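Subject: Model for you to look at

Hello,

Here is the model I promised. Please open it alongside this note; what I found follows below.

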Amino acid sequence: QKRNIRLMERSLREAHIERLVKGRKDSINTSTIHLEVLTEFRRIVSIFSNHVYQLLKDENHPNALLRD
């Protein structure tokens, strides 16, 4: 799943850069916001994934699904 998220984020960044190259005024005006949102999205997904993985890996947790 993390791979799919990374691919989606990369695709969104590339599409944004393409719009910038084409000179789209709306993309130029919102470029900083767009890129910051994508960066925060990646950060949130990473934090969430790390917490869920640890929760599932914890042998003491009643919902432990992952084992080493």
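First, a term: pLDDT is the predictor's confidence in each residue, on a scale from 0 to 100. This is a predicted model, so local features need pLDDT of at least 70 and side-chain atom pairs count only at pLDDT 80 or more, while totals for chains, interfaces and linings use all residues. Residues are numbered from 1 along each chain as its sequence is written, and side-chain values use heavy atoms, leaving out hydrogens and water.

Confidence. The protein has a mean pLDDT of 84, and 84% of its residues reach 70 or more. Confidence is highest in helix 2 (residues 25-29), at 90. It is lowest in helix 3, at a mean of 88. Helices here are DSSP runs (H or I, at least four residues), numbered from the N terminus. Where pLDDT is low, the predicted coordinates should not be read in detail.

Helix 3. This helix has 27 residues. From first C-alpha to last it reaches 39 Å, close to the 39 Å expected at 1.5 Å a residue. (The expected span is 1.5 Å times one less than the number of residues.) Its buried residues are S31, L38, V45 and S49. Buried means under 20% relative accessible area, with a 1.4 Å probe and protein chains only. These residues pack against helix 1 and helix 2.

The helix pair. Helix 1 (residues 2-21) and helix 3 (residues 31-57) pack at about 175°, with axes 11 Å apart. Axes are lines fitted to C-alpha atoms over the stretch in contact, and angles run from 0 to 180 degrees between N-to-C directions. The two helices are therefore roughly antiparallel, a label for angles over 145 degrees. Contact means heavy atoms within 4.5 Å. The contact residues divide into eight nonpolar, six polar and five charged. Asp, Glu, Lys and Arg count as charged; Ala, Val, Leu, Ile, Met, Phe, Trp, Tyr, Cys and Pro as nonpolar; the others, Gly among them, as polar.

Is E9 buried or exposed? E9 sits in helix 1 and counts as buried, at 7% relative accessibility. E9 touches L38 and R42, leaving aside residues up to four places away in sequence. E9 and L38 are 29 residues apart in sequence but 6.6 Å apart in space, C-alpha to C-alpha. R13 is also found in helix 1. R13 is buried, with a relative accessible area of 19%. With residues up to four places away in sequence not counted, R13 touches L35, L38, T39 and R42.

Best wishes

Conventions: Parallel < 35°, antiparallel > 145°, perpendicular 65-115°, else oblique. Buried < 20%, exposed > 50% of the residue type's maximum accessible area, 1.4 Å probe, protein only.
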